[in-house]
Amino acid sequence: MFRKEGTAKDVSTTRICDEVWHDGEFIKWNDARVHVMSHVLHYGSSIFEGIRCYDTKRGPAIFRLKEHMQRFLNSARIYRMEHKWTLAGLCDASVALVKRSGLEQCYIRPILFRSLDESKPAFGVNPFPNPLACYIGAWDWGKYLGDEAIEQGVDVCVSTWNRLTPNSMPAMAKSGANYMNSQLIKMEALVNGFAEGIALDDRGYVSEGSGENIFVVANDTVLTPPLSSSILAGITRDSVIQICHQLGITVKERSIQRAALYVADEAFFSGTAAEITPIRSVDRITVGNGGRGEITANIQKAFFEITKGERPAPGAWLTYVNEQELSAPVVDGGSEAESFPGSTEALNEQEPVLNYLAASGD
Ligand SMILES: Cc1ncc(COP(=O)(O)O)c(C=O)c1O
């Protein structure tokens, strides 16, 4: 079950699941701790995910669970984290956690990191001697950029910090260390009175926000930077692209110049935490009419209807938690088929999850 009162200050968190999934077991929130000499704390060696579970008429439904877990596994592969977790096992664990939490909606946070073997401690940069630990936590998270942001939009700035370069840190991996760059962008924005910062890539083209992808609308066409602009291949970004196709809106991946942000008709962020948040000004220059634009509103409406299960999604995007039959979460040696005895709408989908490489043109 969840705690009645939360302590977070960044958004209106009120409830935290008091259990955490750890390496195949459920442990108490208070027991989910690491040693201060763990490799991850010193060298940033973690990869993680952020997944939303929505309150629907059919109970809690996890949004694009399989795609998130596929990205999680991709991030682990990039960082040579050789672990025992399977796609199905991780999905299964998330479903079980949400079921046990009693939360009707929540944010799910899987994390895999290099920890410390206290019987054989290793303190160097070389990560290989350090054991891997995997946890999944969940809490009820409100609107990331504020409740009113979804309707009214946010005021943002272009950051003086660039996004990671492709040959320094791979933006494609959702690693904890990438978020040091995000923190610089976010802190600079906040101390200067903005809700969020937009980073440019190393060539000076628009990349993304500290925790969101970005879209602009010009002449009824929706544009978003390509993967080659050092962005995270956002799952909400992919959802927006597919929703545009469904709504008959032209959408293109293009390198975007900074100045285009100022003259766009509309702009918005996409992300699991931020969902679809309109941008009303950039560097104190009003974007379009200074509110939520019409195309943004249409995409946002379709997105929220889909996440509530009230509108057919372009794919099997919702995993209805109460309708899943679970075996014990798989830790190792289990096949993916064994871990899903029930019919799992999203998870039994035959087509590949998300092709991160296909959509990387300029
Ligand atoms: C840097 C960054 N870009 C983009 C996104 C959006 O990705 P997604 O829609 O998969 O949450 C996030 C959020 O996780 C992020 O942290």
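## Basis of the description

Helices (H or I, at least four residues) and strands (E, at least two) are DSSP runs, numbered from the N terminus. T221, for instance, is found in strand 13, which covers residues 221–224. The structure is a predicted model, in which local features need pLDDT of at least 70 and side-chain atom pairs count only at pLDDT 80 or more, whereas totals for chains, interfaces and linings use all residues. Residues are numbered from 1 along each chain as its sequence is written, and side-chain values use heavy atoms, with hydrogens and water left out.

## The chain as a whole

The protein chain has eight helices and 18 strands. Of its 362 residues, 54% count as buried, a term that stands for under 20% relative accessible area, with exposed meaning over 50% and partly exposed in between (1.4 Å probe, protein chains only). Among contacts (heavy atoms within 4.5 Å) between residues at least 6 apart in sequence, 72% join residues at least 24 apart.

Strand 6 (residues 59–63) has five of its five residues buried, so it is largely enclosed by the rest of the structure. On one side of the pairing pattern is strand 5 (residues 51–56), which pairs with strand 6 in the antiparallel sense over four bridges; two strands are said to pair if DSSP finds at least two bridges between them. The two are joined as a hairpin through two residues, and C53 has I62 in strand 6 as its bridge partner.

Strand 6 is also joined by three bridges to strand 18 (residues 318–320), again with an antiparallel run. In this pairing A61 stands opposite Y320 of strand 18.

Strand 10 (residues 196–200) is mostly covered, with five of its five residues buried. In a regular strand the side chains alternate between the two faces of the sheet. Both faces of strand 10 are covered, with E196, I198 and L200 buried on one side and G197 and A199 buried on the other. Three bridges join strand 10 to strand 9 in a parallel arrangement, where V158 stands opposite I198. With strand 11 (residues 206–209), strand 10 pairs in the antiparallel sense over three bridges, and L200 stands opposite V206. The hairpin of strands 10 and 11 has five residues between the strands, and G204 takes a positive phi near 95° in it.

V156 is found in strand 9 (residues 154–158) and counts as buried because its relative accessibility is 0%. Leaving aside neighbours within four places in sequence, V156 is in contact with F194, E196, I198, F269, I279, S281, V282 and D283. V156 and R284 are 128 residues apart in sequence, yet 7.7 Å apart in space, C-alpha to C-alpha.

## Two further buried positions

T221 counts as buried because its relative accessibility is 17%; not counting residues up to four places away in sequence, T221 touches V216, T250 and K252. S115, which lies in the loop between strand 7 and strand 8, counts as buried because its relative accessibility is 12%. With the exclusion of residues up to four places away in sequence, S115 touches S38, H39, N130, P131 and A133.

## The second largest pocket

A pocket is an open set of points on a 1 Å grid over the protein atoms alone, reached by a 1.4 Å probe and with protein on both sides within 12 Å along at least five of seven lines, and its lining residues have an atom within 4 Å of a point. The second largest pocket has a volume of about 580 Å³. Of the 18 residues that line this pocket, the closest to its centre are A32, R109, I111, F113 and Y135. The elements that give two or more residues to the lining are helix 1 (39–43), strand 4 (46–48), strand 7 (106–114) and strand 8 (132–140), with the largest share, four residues, coming from strand 8.

The lining divides into 12 nonpolar, four polar and two charged residues. In this division Ala, Val, Leu, Ile, Met, Phe, Trp, Tyr, Cys and Pro count as nonpolar, Asp, Glu, Lys and Arg as charged, and the others, Gly among them, as polar.

## Helix 8

Helix 8 (residues 294–307) has 14 residues that should span 20 Å at 1.5 Å a residue, and its end C-alpha atoms are 20 Å apart, which agrees; the expected span is 1.5 Å times one less than the number of residues. The helix is mostly covered, with 10 of its 14 residues buried, including I295, I299, F303 and I306. Just after helix 8, G309 takes a positive phi of about 75°.

Terms used
Points joined across faces, edges and corners; volume = space filled by probe spheres on them.
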